[in-house]
Amino acid sequence: MVTFAVLTMGAFGVSGTAKVTAVPDTRSTAVRLGFSPGEFRAIGVLELLGVVGVLAGLFITGIGVASAIVLLLLMTGATAMHLLSGDGLFGTILPVLAAALLSAYLITLT
């Protein structure tokens, strides 16, 4: 469980921080996907809150489960947005891998 939690926190910590700080690559991705910079920052904040929830989930299982579910919903939306923007299957690799990681974390939590 701890391994999947650490991997999840690392992945979403990097992704969320990049969105919140508006790294140039994330700004161009936001525009391509049809998000304003503020909306993309909000997604980053949700990802960072998810990291905090996954950390708390190491001590309180219910918080970890709820956080992982919210992050899974975000990754579902990310996959859909990448497909709708014409990125194809290649553009969906990262959100799908993140969803797989979250699923593994959820399985080890319960």
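Helices (H or I, at least four residues) and strands (E, at least two) are DSSP runs, numbered from the N terminus. His-82 has its place in helix 4, and the protein has six helices and zero strands. This is a predicted model, in which local features need pLDDT of at least 70, side-chain atom pairs count only at pLDDT 80 or more, and totals for chains, interfaces and linings use all residues. Residues are numbered from 1 along each chain as its sequence is written, and side-chain values use heavy atoms, with hydrogens and water left out.

**Overall form**

- From the N terminus on, the order of elements is α-α-α-α-α-α.
- The radius of gyration (taken over C-alpha atoms) of the protein is 14 Å, close to the 13 Å that the globule rule gives for 110 residues, so the protein is as compact as a globular protein of that length. The globule rule is 2.2 Å times the number of residues to the power 0.38.
- Along the principal axes, the C-alpha atoms fill a box of roughly 40 × 25 × 20 Å.
- The accessible surface of the protein comes to about 6000 Å², and 78% of this surface belongs to carbon and sulfur atoms. Accessible areas come from the Shrake-Rupley method with a 1.4 Å probe; for residues, only the protein chains shown count as cover.
- Of the 110 residues, 37% are buried. Buried means under 20% relative accessible area, exposed means over 50%, and partly exposed lies in between (1.4 Å probe, protein chains only).
- Contact means heavy atoms within 4.5 Å. Among contacts with a separation of 6 or more, 70% are between residues 24 or more positions apart.

**The nonpolar core**

- A nonpolar core is a set of buried Ala, Val, Leu, Ile, Met, Phe, Trp, Tyr and Cys residues joined through side-chain atoms within 4.5 Å.
- The largest nonpolar core has 20 residues, of which Phe-12, Val-54, Leu-71, Met-75, Leu-102 and Tyr-105 touch the most other members.
- Helix 1 (2-20), helix 2 (24-33), helix 3, helix 4 and helix 6 (93-109) each give two or more residues to this core. Helix 6 gives the largest share, six residues.
- Leaving aside neighbours within four places in sequence, Tyr-105 is in contact with Met-1, Phe-4, Ala-5, Thr-8, Val-54, Gly-57, Gly-64 and Ala-68.

**Salt bridges**

- Side chains of opposite charge can pair when their charged atoms come close.
- A salt bridge is a side-chain nitrogen of Lys or Arg within 4 Å of a carboxyl oxygen of Asp or Glu. By this rule there are two salt bridges.
- One of them joins the side chains of Lys-19 and Glu-47, at 3.3 Å from N to O. Lys-19 is in helix 1 and Glu-47 in helix 3, so the pair links distant parts of the chain, 28 residues apart. Both Lys-19 and Glu-47 are buried.- The side chains of Arg-32 and Asp-87 also meet in a salt bridge, at 2.7 Å from N to O. This pair links distant parts of the chain: Arg-32 is in helix 2, and Asp-87 is in the loop between helix 4 and helix 5 (88-91), 55 residues away.
- Arg-32 is partly exposed, with a relative accessible area of 43%. Asp-87 also counts as partly exposed, at 23% relative accessibility.

- His-82 is buried, with a relative accessible area of 14%.
- Not counting residues up to four places away in sequence, His-82 touches Thr-29, Arg-32, Leu-33, Asp-87, Gly-88, Gly-91, Thr-92 and Pro-95.
- Leu-83 is in helix 4 and counts as partly exposed at 44% relative accessibility.
- Leaving aside neighbours within four places in sequence, Leu-83 is in contact with Gly-88, Leu-89 and Thr-92.
- The C-alpha atoms of Leu-83 and Leu-33 are separated by 9.7 Å, and these residues are 50 apart along the chain.

**Loops and surface**

- Ala-22 lies in the loop between helix 1 and helix 2. Its phi is near 55°, a positive value in a residue other than glycine.
- Ala-22 is buried, with a relative accessible area of 14%.
- Leu-55, Phe-59, Ile-60 and Ile-63 make a nonpolar surface patch of about 410 Å². Patches are made of residues with over 30% relative accessible area and no salt bridge: like charges are joined within 9 Å, nonpolar side chains (Val, Leu, Ile, Met, Phe, Trp, Tyr) within 5 Å.
- Ile-60, one of the patch residues, is found in the loop between helix 3 (37-57) and helix 4 (61-84). Ile-60 is partly exposed, with a relative accessible area of 47%.
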